[in-house]
Amino acid sequence: MDYTVWLHFVEIDSTVRKAGERVFDVFINGDNVSRVDIYKQVGGFAALTLHFTVKNLSANVLGLRLVPAVGAPLISAVENYALVPVDPSTLPLQVSAMKALKESLRVPDRMGWNGDPCAPTTWDAWEGVTCRMTNNKTALVISEIDLASQDLKGYISDQISFLSDLVSLNLSSNSLGGEIPPGLGQKSLIQVDLSNNQLMGSIPDSLASSNLKLVLLNGNLLEGRVPEQLYSVGVHGGVIDLSGNKGLCGAPSLPSCPMFWEHGRLSTQGKIAIGLSCLFVFCVVLLLAYIYIRRKRNDYDFALPHELMSLAAKRNRYQRQKSLMLIELESQHAKGLPSPFTPQ
């Protein structure tokens with residue numbers, strides 16, 4: 001441990017009237033750290049303060065010795081302080097995330113989740129939490145959370161996305177509900193065990209984008225298509241278990257997904273297909289309505305008026321009468337009878 005020593009001097013002897021009349025050396029742990037001439041440095045009846053730092057003191061004794069050169073040594077006060085290094089604290093953003101998790105997971109009071117999750121380092125961190133120092137040694141971060149079988153009944157807060165240094169997450173064998181937050185999928189994440197809970201909804205794509213080597217999601221109520229990158233974890237030598245989720249599909253050993261159904265809801269392709277179908281039906285209805293209206297207008301615009309119909313009927317009657325008269329004339333002519341129109 002390091003120590004700092006403060007030495008206070010005052011020349012109070014009125015017989016010392018010039019420099020060089022009282023001179024002495026200061027030794028700390030055997031090292032000559034300074035030669036002191038109070039009158040020369042500050043004059044008479046004035047305070048002189050010197051301080052020195054002793055590093056890596058391994059013994060329990062700190063040695064201070066004043067060795068005279070001229071006259072007798074004189075000292076007024078000595079102060080000695082141990083330099084206790086400031087214990088780093090957890091990054092504020094991660095502290096907020098852990099407090100949000102405490103509320104959402106309903107962590108019981110018996111687990112002692114109070115204060116800073118990681119500091120001071122001389123104490124144990126929160127139960128189930130493992131911390132590490134940042135690379136620049138200035139702060140602490142959360143690296144592991146293990147709360148398996150703790151009778152938790154809440155949900156996973158989306159604030160977990162701020163735990164950017166999380167390597168392992170184990171919340172298995174609880175009664176957690178809700179959905180897997182889309183923010184869970186940090187690049188640092190290697191192991192996730194959320195098995196044997198009551199998690200619902202789909203598996204977020206963010207979880208598939210991490211560097212996972214262990215994924216245990218079995219024994220939940222998850223549904224929808226499994227992201228392709230996620231189930232490839234097993235192909236690349238990792239471990240993945242999705243069993244016990246009746247609604248999951250689209251992965252080996254799981255049922256095939258419906259064509260237009262994805263992540264427990266209508267897929268984008270399905271929405272496009274329905275949209276195009278609705279547009280087609282709307283266009284057909286619009287076309288039929290247009291044809292109907294045009295036909296109605298044609299019937300009204302081109303139908304013959306009542307007066308024209310009467311005139312046509314009269315003309316037809318006249319033509320019939322004329323035809324009858326011509327037939328009668330031809331008949332009389334054939335019988336040799338004089339025509340009623342021939343002069344006598």
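This is a predicted model: local features need pLDDT of at least 70, side-chain atom pairs count only at pLDDT 80 or more; totals for chains, interfaces and linings use all residues.

1. A search of the whole structure returns 2 aromatic pairs. In one of them, Phe 9 and Phe 24 are tilted, with a centre-to-centre distance of 5.6 Å and an angle of 50° between the planes. This pair links distant parts of the chain: Phe 9 belongs to strand 1 (residues 2–10) and Phe 24 to strand 2 (residues 23–28), 15 residues apart.

2. A contact between a charge and a ring involves Phe 27. The charged end of Arg 65 sits over the ring of Phe 27, at 4.9 Å from the ring centre.

3. Strand 7 (residues 129–133) and strand 8 run antiparallel and are joined by 5 bridges. Within this pairing, Val 129 stands opposite Ile 145 of strand 8. The two strands form a hairpin with 6 residues between them, and Lys 137 in the turn has a positive phi of about 65°.

4. Strand 8 also pairs with strand 9 (residues 168–170); here the strands run parallel, and 3 bridges join them. Asp 146 stands opposite Asn 170 in strand 9.

5. How many residues of strand 8 are buried? Of the 7 residues of strand 8 (residues 140–146), 5 are buried, so the strand is largely enclosed by the rest of the structure.

Note on methods:
Residues are numbered from 1 along each chain as its sequence is written. Side-chain values use heavy atoms; hydrogens and water are left out. Rings of Phe, Tyr and Trp (its six-membered ring) pair if their centres lie within 6.5 Å; planes under 30 degrees apart count as stacked, over 60 as edge-to-face and the rest as tilted. Helices (H or I, at least four residues) and strands (E, at least two) are DSSP runs, numbered from the N terminus. A charge sits over a ring if NZ of Lys or CZ of Arg is within 6 Å of the ring centre and within 35 degrees of the ring normal. Buried means under 20% relative accessible area, exposed over 50%, partly exposed in between (1.4 Å probe, protein chains only). Two strands pair if DSSP finds at least two bridges between them.
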